[in-house]
Amino acid sequence: MKKTLLALAALTAFANLASAQSSVTAFGILDAAATNVKNGSAGSRKTLSSGQSNTSRLGFRGEEDLGGGLKASFWLEGQVDVDTGGTGIDWQRRSTVSLTGNFGELRVGRDQNPTYLDWGARDLWGYVGVATTSNVRGNFLTLGGATTGVRTSNTIAYFLPALGGVYGHFMVGAGEGATGNKYIGGRLGYKSGGLDVSGSTGKTYKTGAMLDDLSTMSLGASYDLGGVTVLGGYEKAKYAALDRKLMTAGARVTLGSFQLKAQYTKASGTGSVATPQQYDANLLSLGGEYRLSRRTLLYTNFGTIDNGGTATTGGAFTATTNGPAGIKRGETSTGYQVGMRHSF
């Protein structure tokens with residue numbers, strides 16, 4: 001009985017909160033795919049994997065009109081694992097409050113950072129699945145315990161207002177004693193018609209067990225030709241004696257309810273922390289989507305990574321962390337999947 005009363009009280013409080021806002025929306029994505037990955041001599045593994053076209057999620061967002069062109073808003077979003085029913089109720093995908101006006105937007109909390117957003121804009125797979133560029137990008141940006149490869153906690157961010165096609169995003173993240181979270185970065189871009197060009201720079205400061213600062217810079221562009229979008233990007237990252245460069249180029253073709261995607265990404269670099277390591281790899285990505293409705297689609301993805309170097313110094317990138325562990329350096333990782341995504 002007590003649990004029922006507490007639940008009713010919580011629902012009443014949420015309803016009162018909702019009525020005080022100009023708008024409150026619940027939203028989400030449920031996405032799952034049958035996946036098969038072969039990691040060289042480690043063998044293959046078949047899984048049902050969540051979030052392979054877009055990360056499965058549950059969120060709430062709201063906005064209040066304060067008058068005079070000023071608006072307050074909030075955003076809470078957590079990951080949901082469709083394959084197991086697990087949920088990121090800690091809201092670590094995004095937890096922010098914002099104030100927006102003619103000056104732009106001031107946003108505080110945990111959010112995606114400018115470094116990631118600039119590279120992510122040049123990834124046709126949205127940073128998930130066996131075909132995403134994350135599979136040759138992500139592990140470098142966690143060296144030393146850095147936590148800022150995609151999102152950053154304890155941040156203050158500013159977004160430029162509309163300036164004739166110019167856009168910008170600047171962020172500072174307080175370390176608060178945590179290893180790898182002290183961050184500063186910014187992104188500037190220009191969008192007009194089908195053209196979109198941008199660049200970013202960011203630094204994760206040496207904290208805790210980190211050996212050095214982790215710095216990144218990127219440049220990218222895309223052009224929408226009407227039914228066909230072409231894109232390309234370049235990113236350079238450095239940590240201690242290690243450095244890594246990424247180059248990518250791809251195209252997306254829309255034919256009615258069908259969408260076809262192809263992308264090539266090359267990682268290169270050398271260095272050492274404890275063991276010599278080459279960051280040379282070639283990723284070929286292919287995929288297709290078919291929309292059953294505005295909210296529901298079927299998809300298939302294919303990605304293969306040819307790790308360069310030798311068994312001693314070569315790369316060991318894999319098409320997904322869901323594959324079998326134990327791939328050896330210099331081997332090839334290949335994954336393919338078929339899935340379904342529904343948005344609400």
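The following legends describe close-up views of a predicted model. Residues are numbered from 1 along each chain as its sequence is written, and side-chain values use heavy atoms, with hydrogens and water left out. Because the model is predicted, local features need pLDDT of at least 70 and side-chain atom pairs count only at pLDDT 80 or more, whereas totals for chains, interfaces and linings use all residues.

**View 1. The largest nonpolar core and the surroundings of F317.** A nonpolar core is a set of buried Ala, Val, Leu, Ile, Met, Phe, Trp, Tyr and Cys residues joined through side-chain atoms within 4.5 Å; buried means under 20% relative accessible area, exposed over 50%, and partly exposed in between (1.4 Å probe, protein chains only). The largest such core has 19 residues, and V136, F140, L214, I305 and F317 have the most contacts inside it. Two or more residues each are given to this core by α2 (114-120), β13, β14 and β18 (281-291). Helices (H or I, at least four residues) and strands (E, at least two) are DSSP runs numbered from the N terminus. Leaving aside residues up to four places away in sequence, F317 touches N135, V136, N139, Y279, A281, I305, N307, I327 and S333, where contact means heavy atoms within 4.5 Å. In soluble globular proteins, nonpolar side chains tend to be buried together.

**View 2. The salt bridge between D118 and R187.** A salt bridge is a side-chain nitrogen of Lys or Arg within 4 Å of a carboxyl oxygen of Asp or Glu, and the structure holds eleven of them. In the bridge between D118 and R187, the closest N and O atoms are 2.8 Å apart. Since D118 belongs to helix α2 and R187 to strand β10 (residues 183-192), the pair ties together parts that are 69 residues apart in sequence. D118 counts as buried because its relative accessibility is 1%; R187 is likewise classed as buried, at 11%.

View 3. The side chains of D243 and K245 meet in a salt bridge with an N to O distance of 3.5 Å. D243 is buried, with a relative accessible area of 17%, whereas K245 is partly exposed at 30% relative accessibility. A further bridge, at 3.4 Å from N to O, joins the side chains of E289 and K261. This pair links distant parts of the chain, with E289 in strand β18 and K261 in strand β15 (residues 258-268), 28 residues apart. E289 is buried at 13% relative accessibility, and K261 is buried at 8%. Elsewhere, salt bridges that share partners join R57, E77 and R93 into one network.

**View 4. The largest pocket.** On a 1 Å grid over the protein atoms alone, a pocket is an open set of points with protein on both sides within 12 Å along at least five of seven lines, a cavity is a set of points where a 1.4 Å probe fits but cannot get out, and lining residues have an atom within 4 Å of a point. Grid points are joined across faces, edges and corners, and a volume is the space filled by probe spheres set on the points. The largest pocket holds about 1200 Å³ of space. Its lining comprises 40 residues, of which T55, Q79, R93, Y127 and V128 lie nearest its centre. β2 (44-50), β4 (70-81), β7 (104-112), α2 and α3 (134-137) each give two or more residues to this lining, and β4 provides the largest share, five residues. The lining divides into nine nonpolar, 21 polar and ten charged residues; here Ala, Val, Leu, Ile, Met, Phe, Trp, Tyr, Cys and Pro count as nonpolar, Asp, Glu, Lys and Arg as charged, and the others, Gly among them, as polar.

**View 5. The largest cavity.** The model has one cavity of 30 Å³ or more. About 70 Å³ of space lies in the largest cavity, which is lined by T115, R137, L141, T148, G149, Y183, G202, K203, T204, L214 and T216. Both β11 (195-204) and β12 (214-224) give two or more residues to this lining, and the largest share, three residues, comes from β11. Three lining residues are nonpolar, six polar and two charged.

**View 6. Positive phi at W91 and A240.** W91, although not a glycine, has a positive phi of about 60° and is found in the loop between β5 (86-87) and β6 (94-101). A240, also not a glycine, has a positive phi of about 50° and lies in the loop between β13 (228-239) and β14 (242-255). A240 counts as partly exposed, at 24% relative accessibility.
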